[in-house]
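Q: I'm new to this one. Can we walk through it together?

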Amino acid sequence: MQTDLAIIGSGIVGLSCAFHLQRQGARCLLIDPKGAGQGASFGNAGAISFGNIFPQATPGVAWQGLRMLLDADAPLKLDWRVWPEWLAWLRSFVRAGDARQVERAILALHAINLQSRAAWLELAEAIGALDLLAENGYLHVYSEAANFSADAWKRRWFERLGIRHRVLDARQLSTLEPALGAGFSHGVLQEDSLGLRDPGGFCQRLADALKRQGAETLPARVHDLKRAGRAYVLSTDHGEIQAERVLVAAGVHSKPLLAPLGVKLPIIAGRGYHRMFPPQAGLLRRPTLWIERHIVLSPMRTGMRLAGLKELTRADRPPRHSYLERRITDARRLCPGLIGEPTDPWFGDRPVTPDSLPIIDALDEGRLLIATGHGHLGMTQGPITGRWIAGLAAGSGTCLPLAPFAVRPWEPLNNPSLRGA
Ligand SMILES: Cc1cc2nc3c(=O)[nH]c(=O)nc-3n(C[C@H](O)[C@H](O)[C@H](O)COP(=O)(O)OP(=O)(O)OC[C@H]3O[C@@H](n4cnc5c(N)ncnc54)[C@H](O)[C@@H]3O)c2cc1C
């Protein structure tokens with residue numbers, strides 16, 4: 001089988017890239033064994049959050065991390081069975097918490113998020129999915145006034161970068177969200193953020209739109225990716241495919257696919273979990289993050305989604321749903337009106353990088369495209385990534401500061417010929 005452009009992975013990132021590449025005239029073959037939006041893009045919290053410009057690693061992260069390891073309720077978990085996987089990653093993560101690196105990451109995240117809102121609305125409108133978006137912001141709530149004060153540096157960044165937000169006291173919080181529990185002293189509303197009411201459903205609609213425009217799909221796993229002359233050969237469950245160009249957008253699985261080509265990606269699985277409370281009226285109206293407990297409640301079409309946790313692990317390891325089970329009591333404190341038992345335990349692997357920046361790059365004279373590592377913000381940044389990848393593929397020197405998102409300089413490219421050297 002031969003194709004112009006093979007896209008490995010049909011999560012929000014691969015599909016958004018396909019959308020923009022197809023607009024440029026590319027004939028796309030979408031390859032994914034599970035179909036569209038069945039990986040991390042299925043069960044996330046749906047906060048399309050343009051104000052989340054802060055990397056996970058900040059100054060003092062090493063001490064915070066150590067404290068978290070001693071706290072059973074902390075959001076960060078380490079899967080001890082796979083310690084070699086995360087040890088090197090954690091070292092880079094701690095280095096990324098250096099103040100200068102953090103500032104660089106904030107500016108880069110702002111640069112990508114700044115263009116993300118328009119990219120989201122354009123994509124949702126083009127595929128007739130605006131009904132899945134709620135334009136009422138993303139709310140962060142604090143139960144401890146001291147933590148609200150400690151986060152003042154974040155609000156200073158908001159001011160400096162012009163990120164629209166509203167600071168709320170307890171009374172204003174209960175006016176904005178009458179279903180919010182008692183005991184929340186402060187809140188910050190990121191006013192421009194969006195709530196996606198069905199992340200998996202959005203991906204499916206996008207895939208359907210791509211197919212209507214001529215994209216082909218292949219329900220197969222790519223086992224191996226090789227360079228053969230000026231093309232690429234993909235070994236899949238359904239035989240070999242020869243592609244003029246390849247886009248690797250397989251989330252956390254991008255790393256093993258690219259390693260044999262000499263591209264060493266600094267990503268690891270940051271596993272998160274969700275459960276669904278049954279649909280009912282009168283609950284929270286927008287995605288709401290409880291800062292101290294690190295949980296999000298997010299209204300979905302099919303009920304209220306409780307999401308959270310970050311477990312550094314390997315994609316083939318079994319899930320530990322008990323981590324989120326411990327947070328159900330917290331969910332009821334955040335929104336006391338929740339009734340019924342949450343069902344449908346789900347987990348997904350975020351492709352996380354040490355500096356929280358995605359990897360968006362074109363190697364081998366644009367024949368090998370890479371889009372992964374979006375970590376906690378892949379739903380937010382998927383559509384703009386698609387636009388940028390299409391710009392890179394066209395060699396149009398897109399309108400963006402791409403350098404921070406290139407394959408990282410500290411992860412040497414073991415195959416310099418891919419850079420055209
Ligand atoms: C609990 C949780 C909550 C989150 N909340 C938010 C949020 O509120 N806002 C936000 O912006 N982000 C959020 N995220 C992050 C976001 O979901 C991810 O960053 C994003 O979905 C990553 O998209 P992706 O397309 O890179 O990966 P995925 O969606 O994982 O897609 C990768 C695809 O590649 C396929 N694949 C893998 N290997 C192969 C192979 N060898 N051959 C072919 N196909 C392959 C997989 O089947 C999969 O479909 C959350 C994540 C989690 C887990």
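Q: Which residues does tryptophan 290 touch, leaving out those up to four places away in sequence?
A: Tryptophan 290 touches Val141, Ser143, Ile295, Asp330 and Leu334. Contact here means two C-beta atoms, placed from the backbone, within 7 Å.

Q: Is tryptophan 290 buried or exposed?
A: Tryptophan 290 is buried, because 24 other C-beta atoms lie within 10 Å. Buried means 20 or more other C-beta atoms within 10 Å of a residue's own, exposed means 12 or fewer, and partly exposed is in between; these C-beta atoms are placed from the backbone.

Q: Where does tryptophan 290 sit?
A: In strand E15, residues 288-290. Helices (H or I, at least four residues) and strands (E, at least two) are DSSP runs, numbered from the N terminus.

Q: How far is tryptophan 290 from glycine 187?
A: They are 9.3 Å apart in space, C-alpha to C-alpha, and 103 residues apart in sequence.

Q: What kind of model is this, and how are residues numbered?
A: This is a predicted model: local features need pLDDT of at least 70, side-chain atom pairs count only at pLDDT 80 or more, and totals for chains, interfaces and linings use all residues. Residues are numbered from 1 along each chain as its sequence is written.

Q: Now the overall picture. How many helices and strands are there?
A: The protein has 14 helices and 20 strands. Its radius of gyration is 21 Å, close to the 22 Å from the globule rule for 421 residues, so the protein is as compact as a globular protein of that length. That radius is taken over C-alpha atoms, and the rule is 2.2 Å times the number of residues to the power 0.38.

Q: What box do the C-alpha atoms fill?
A: Roughly 65 × 45 × 40 Å, taken along the principal axes. Of the 421 residues, 49% are buried.

Q: What share of the contacts comes from residues 24 or more positions apart?
A: They account for 78% of the contacts with a separation of 6 or more.

Q: On to the ligand. How many residues surround the ligand?
A: 42 residues do, and the closest are Gly11, Gly39, Gly251, Gly272 and Gly378. The elements giving two or more residues to that shell are helix H1 (12-23), helix H2 (40-43), strand E14 (268-277), strand E18 (343-352) and helix H14 (378-394).

Q: What is E2 joined to?
A: Four bridges join E2 to strand E1 (residues 2-8), in parallel. E2 also pairs with strand E10 (residues 216-218), parallel too, over three bridges. Strands pair if DSSP finds at least two bridges between them.

Q: Which residues stand opposite leucine 29?
A: Alanine 6 stands opposite leucine 29. In E10, the bridge partner of leucine 29 is glutamate 216.

Q: What do E1, H1 and E2 make?
A: A right-handed β-α-β unit. Right-handed means that, with the strands pointing away from the viewer, the path from the first strand over the helix to the second runs clockwise.

Conventions: A residue is near a molecule or strand if its C-beta atom, placed from the backbone, lies within 6 Å of it.
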